[in-house]
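Reader: I am new to this structure. Please take a close look at one loop for me, then go on from there.

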Amino acid sequence: MEYIDLRSDTVTKPTNEMREAMLRAEVGDDVYGEDPTVIELEKLGARMTGKAAGLFVASGTMGNQVAVLSHTQRGDEVICEAESHIYYYEVAGMSVLSGVQARTLPSVKGVLSAETIEAAIRPLDVHQPRSALICLEDTHNRAGGTCYPLETLAAIRKLADRCKIPVHIDGARLFNAAVAQGVKVDKIAQYADSVQFCLSKGLCAPVGSLLVGSEEFIAKARRYRKMLGGGMRQAGVIAATGIVGLQSMVERLAEDHANAKLLANELATSGFAIDLSTVQTNIVIFDVSRTGLKAADFVARLKKAGVLAGAVGEYRVRMVTHHGITAAEIAKVVDVLQHLPKKG
Ligand SMILES: *Cc1c(COP(=O)(O)O)cnc(C)c1O
């Protein structure tokens with residue numbers, strides 16, 4: 001069966017241009033700092049985000065964990081949103097690897113306010129951990145691909161400067177945020193000390209993420225990447241695909257956003273409970289409780305009808321648009337959703 005796969009934008013496959021770039025890529029041993037293609041990708045990512053240096057890592061998870069390792073010491077506290085990926089989906093990595101605890105805060109649709117963060121910053125006190133890092137997620141995955149308003153980022157930056165706490169943005173889908181907000185990514189990244197973004201999601205590279213920040217930060221991060229087993233030798237063959245992603249796959253993310261809106265509007269018209277204000281980028285999360293089915297059962301029925309989606313809560317279903325999903329396929333998905341056998 002040919003499925004329409006809306007589980008995630010991670011299912012995107014490398015484009016032909018990427019395959020050709022892999023074939024042509026000049027490579028060397030990157031642990032010796034000798035892979036010209038990795039160096040080119042790291043420089044490109046740093047330049048686009050307005051940072052001094054970049055580090056190619058195996059995954060977004062590795063990028064986030066290396067960032068926490070580089071910003072904190074054992075016994076510190078990391079401020080993050082209650083359903084953030086770094087807390088929710090990274091196997092308790094920050095506790096295990098960095099020896100820090102997460103301070104999880106409630107948000108409005110994935111967006112933390114400066115006031116909420118300020119109230120959680122610890123005073124100097126012998127009993128309390130040190131507030132060592134503020135982590136923001138842009139776009140926010142479990143909130144449905146929501147973006148941080150730039151004013152909110154500016155306010156958080158001001159607070160962080162006042163309290164001398166670094167800010168890390170988990171920007172797995174940073175380019176989706178930038179395209180949705182009509183700005184270049186450096187306009188978002190300017191508010192953070194470090195940013196992680198995925199090449200392997202909407203940008204269609206098969207593997208990898210970039211971590212960007214100051215020279216000093218990246219030098220530290222490079223040691224931690226090595227510690228985690230992330231020294232990848234002739235990684236230029238995969239870095240080449242990331243270069244193509246950054247150069248030619250960013251603007252087209254707008255198509256994914258248009259398809260997500262199309263899908264979301266149809267879902268709302270068909271009677272599914274959905275908060276359209278969260279559909280800002282390429283993620284659509286909706287509630288299926290009105291069908292009498294739990295999300296897992298709903299997703300199983302969708303699969304039988306040829307559509308793959310994800311269950312992200314008891315009654316919450318997630319669909320993600322990406323390269324390779326066309327408006328015509330969205331129409332098919334809508335048709336399937338409207339005719340899905342109900343419970344009983
Ligand atoms: C996907 C994702 C990650 C992790 O990326 P992997 O490459 O899958 O490890 C981190 N943060 C967010 C917000 C994500 O959506």
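Author: T139 sits in the loop between β5 (131-137) and α7 (150-163). Helices (H or I, at least four residues) and strands (E, at least two) are DSSP runs, numbered from the N terminus. The peptide bond from D138 to T139 is cis, with omega near 0°. Most peptide bonds are trans, and most residues other than glycine have a negative phi. V91 has a positive phi of about 55°, yet V91 is not a glycine. Its place is the loop between α4 (85-88) and α5 (93-98).

This is a predicted model, in which local features need pLDDT of at least 70, side-chain atom pairs count only at pLDDT 80 or more, and totals for chains, interfaces and linings use all residues. Residues are numbered from 1 along each chain as its sequence is written, and side-chain values use heavy atoms, leaving out hydrogens and water.

Now the ligand. There are 13 residues around the ligand (a heavy atom within 4 Å). Among these 13, G60, T61, N141, D170 and K201 come nearest. Helix α3 (residues 60-71) gives the most to this shell, with three residues. By class, the shell has two nonpolar, six polar and five charged residues. Ala, Val, Leu, Ile, Met, Phe, Trp, Tyr, Cys and Pro count as nonpolar, Asp, Glu, Lys and Arg as charged, and the others, Gly among them, as polar.

The protein covers 86% of the 380 Å² of accessible area (Shrake-Rupley method, 1.4 Å probe) that the ligand has on its own.

Last, a helix pair. Helix α8 (residues 174-181) packs against helix α12 (residues 253-269) at about 80°, with axes 9 Å apart. Axes are lines fitted to C-alpha atoms over the stretch in contact, and angles run from 0 to 180 degrees between N-to-C directions. So α8 is roughly perpendicular to α12 (65 to 115 degrees). F175, N176, V179 and A180 of α8 meet L253, A254 and H257 of α12 (heavy atoms within 4.5 Å). Five of these contact residues are nonpolar, two are polar and none is charged.

Definitions and conventions:
Parallel < 35°, antiparallel > 145°, perpendicular 65-115°, else oblique.
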